[in-house]
Amino acid sequence: MVKWFILTDARPSGRDQPAASRLRKVGAEVVDSILQEAQEIQRLNGDEVFSALKSAPAGLTSQGAQERQAEEGKNLIEATKKKSPIIVFLSNFTHLMAILLWVAGIIAFGAGMPQLGVAVWLVNVINGCFSFWQEFRASKATEALKKMLPAYVNVIRDGTEQKVLAEDLVTGDIMLLAEGDKISADARVIRSADLQVDQSTLTGESNPVRKTADAVLEENLTAAETPNLIFAGTSVSEGNGRAIVTRIGMDTEFGKIANLTQNMEEAESPLQKQLDRVTKQVTIFALCMGIAFFTLNILIVHSSFAASFIFSLGMIVAFIPEGLLPTVTLSLAMAVQRMSKRNALVKKLSSVEALGSTSVICTDKTGTLTQNEMTVNHLWTASNEYDVTGVGYAPKGEVCLNGEAVNVKRDPDLSLLVAAGALCSNARLLPPESEGGRYTVLGDPTEACLLVASQKAGIDPKDQEKATPRMRELPFESRRKRMTTIHQLKDPLDGALRVAYVKGAPNEVVRLSERVRVNGESVELTDELRKKIMDANDGYASEGLRVLAVAYRPITADDTSIPRAMSEYTPDNIECHLTFVGLEVMQDPPRPEVADAVAECRRAGIRVVMITGDYGLTAVSIARKIGIVKSSHPRVFSGIELEKTSDDDLKVALKDEVVFARMAPEQKLRVVEVLQEMGEIVAVTGDGVNDSPRPQEGGHRRRHGHHGHGRGQGGCGHDPDR
């Protein structure tokens with residue numbers, strides 16, 4: 001799925017709102033105070049949230065919602081008024097070169113050369129029509145991608161569940177959230193049941209983010225990192241919950257991106273500036289030559305005034321390059337056609353040339369430089385470390401030890417590791433719907449890649465589910481950083497026919513483990529073995545890899561610490577006395593063609609800068625693998641650090657190798673604008689809404705910055721601690 005940022009049409013918020021006067025009697029300061037409280041809404045507990053937003057657990061009343069809407073307006077992303085097609089059409093005939101050709105035609109008619117005049121005008125007309133059609137067709141292609149906000153939303157009003165238009169949401173409304181729902185406004189979570197939200201439209205990172213209803217007191221968090229806030233334009237990837245609306249329309253994070261995108265003044269590209277300069281030079285030269293020949297005809301040849309004037313007009317027309325404009329247009333059109341075959345949609349012909357002038361490329365990471373498909377590439381047990389070949393969700397590859405394929409079924413520890421990881425998962429791997437298609441994921445991609453690893457090891461997860469049915473689940477919680485599933489076994493494991501499989505953050509799983517699997521046997525987990533496990537985990541983490549630990553606990557009838565009824569199983573009485581099995585190590589691998597592309601950019605003198613919403617360690621790891629950074633310790637800017645950095649200091653940092661991580665859309669824009677102030681011609685590429693804001697294409701001390709959209713796989717991601 002290609003992610004695009006297109007603005008939806010909106011009506012002015014003042015229309016059809018006769019109730020405005022009623023709320024104004026209460027006072028606009030009420031709404032202002034609500035918005036002020038919303039700034040720190042994440043720090044409040046449940047009752048304080050309702051109080052701050054002048055709402056209640058039963059929701060707003062219908063009358064109260066109407067009054068707020070009269071003051072706040074509709075929940076819409078307001079689009080700026082577009083130029084009419086007629087004005088756009090005429091603009092192709094009124095730029096400087098076109099005007100020169102119109103004048104040349106008039107001169108040709110005046111010089112008694114009507115055929116030449118008609119030919120020059122036809123060149124102008126055909127070129128203008130062709131340019132308009134090319135740009136009109138591109139704009140129509142993007143119209144189909146406009147709607148990113150849902151039409152309806154479930155809310156609680158008057159104490160009952162209601163379905164209302166998304167545009168009718170107001171601050172204080174309580175939204176009901178379920179898996180698959182698109183979120184219509186910025187909100188504070190007040191109830192969460194394993195709620196996970198895909199924020200890729202804002203951050204560019206497809207990892208689903210777990211949301212909690214608890215107050216968040218931690219400082220130095222960006223809005224997207226705050227675990228009890230959700231945002232318009234994102235979607236619920238798993239779980240359910242309730243959230244109270246804090247921002248609507250253009251005040252939302254989504255709206256801020258829209259505002260950044262809309263409020264960019266169009267400016268001329270380098271090609272347009274060069275053509276204007278050439279046009280002026282040609283005009284001056286042609287006029288000078290016409291005057292010179294007119295003077296020579298009068299003074300030396302002694303021709304009549306009329307004959308000399310007509311001859312000089314002919315010379316002026318002859319010096320005007322009427323073929324230049326169609327030649328340039330056709331060249332750019334051919335480039336557009338080549339780019340369209342690579343799934344790049346170009347809205348303005350002049351943008352193509354700008355790419356050829358680029359000196360710096362600012363690129364997103366996930367989905368642009370990487371596959372956006374989590375892949376297990378290492379498996380670790382106390383006995384051995386294994387490599388896993390193949391990338392992406394296609395189950396093609398094998399498990400290797402020292403370069404040789406391993407028969408996993410003959411390695412009981414490895415077999416248990418991949419089987420337990422796949423069973424302790426809620427994701428589903430969907431095969432291609434057509435020949436040559438791609439595997440897709442339903443659920444958390446981190447869990448999905450565990451299924452892929454199991455299949456590469458020769459263990460079919462579906463067969464495992466039938467042979468080892470799940471009986472109960474203890475869902476993942478961000479506080480525990482673990483998930484547990486209870487299964488019934490056919491063959492006993494450590495003397496038990498029932499087992500709890502646990503997966504989660506390595507430090508948490510190791511802390512709860514008392515034993516470890518070594519060479520097919522359960523042995524005591526000594527301090528030496530604990531250190532060995534954590535050293536392996538730290539080594540992988542230092543490379544920017546994500547690591548999950550897998551463990552189990554045999555559940556036997558004579559274990560008095562475990563309740564007899566499964567309904568009484570809790571994390572406290574199940575997730576203890578564990579036996580550690582191993583580590584599954586994964587990452588979103590770089591696209592295979594990216595390293596060569598980066599190397600080619602370097603040879604061409606083009607610098608590549610990574611600006612991503614992902615974590616710094618992961619970003620640097622990918623940047624180093626594909627050749628964006630060469631030094632051992634490149635500078636890593638976080639979003640929080642960038643906020644505290646002046647433009648002058650940022651310019652100094654940009655002279656060296658630098659990676660930008662955990663960036664918000666407006667921060668990406670700031671980096672690009674600073675590069676332009678340094679005299680660079682900047683191209684920006686990405687696959688998400690967060691990459692949509694682009695800088696001015698010209699202006700004082702700035703040079704052209706072209707924004708392009710790349711292709712990327714859609715879908716959800718994973719929690720790094722899961």
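Predicted model: local features only at pLDDT ≥ 70, side-chain atom pairs only at ≥ 80, totals over all residues.
**Entry 1: Val376 and its surroundings**

I then looked up the core to which Val376 belongs: the largest nonpolar core, with 35 residues. Val376, Leu379, Val399 and Tyr501 are the residues with the most contacts inside this core. I noted which elements supply at least two residues each: the strands β9 (375-380), β10 (385-388), β16 (482-493), β17 (496-504), β20 (546-555) and β21 (578-587), together with the helices α14 (412-423) and α15 (445-456). The largest share, six residues, comes from α14. I also recorded a second, separate core of 20 residues, which includes Val502, Val510, Ile533 and Leu545.

**Entry 2: Helix α14**

I next examined α14 itself. Eleven of its twelve residues are buried, so the helix is mostly covered, buried being defined as under 20% relative accessible area. The buried residues of α14 run through Asp413, Leu414, Ser415, Leu416, Leu417, Val418, Ala419, Ala420, Gly421, Ala422 and Leu423. I checked its length as well: at 1.5 Å a residue, the twelve residues should span 16 Å, and the end C-alpha atoms are 16 Å apart, which agrees.

**Entry 3: Helix α6**

I applied the same check to helix α6 (residues 96-110). Its 15 residues should span 21 Å at 1.5 Å a residue, and its end C-alpha atoms are 21 Å apart, in agreement. In α6 I listed Met97, Ala98, Leu100, Leu101, Ala104, Gly105, Ile107 and Ala108 as buried. Gly112 follows α6 and has a positive phi, near 80°.

Ile126 lies in helix α7. Its relative accessible area is 57%; Ile126 therefore counts as exposed, the cut-off being over 50%.

**Entry 4: The protein as a whole**

The protein has 24 helices and 26 strands, and 51% of its 722 residues count as buried. Among contacts between residues at least 6 apart in sequence, I noted that 69% join residues at least 24 apart. The accessible surface comes to about 33,200 Å², with 54% of that belonging to carbon and sulfur atoms.

Key:
Residues numbered from 1 in each chain as written. Heavy atoms only, no water. Helix = DSSP H or I, 4+ residues; strand = E, 2+ residues; numbered from the N terminus. Buried < 20%, exposed > 50% of the residue type's maximum accessible area, 1.4 Å probe, protein only. Core = buried A, V, L, I, M, F, W, Y, C linked by side-chain atoms within 4.5 Å. Expected span 1.5 Å × (residues − 1). Contact = heavy atoms within 4.5 Å. Areas by Shrake-Rupley, 256 points an atom, 1.4 Å probe, with all protein chains shown as cover.
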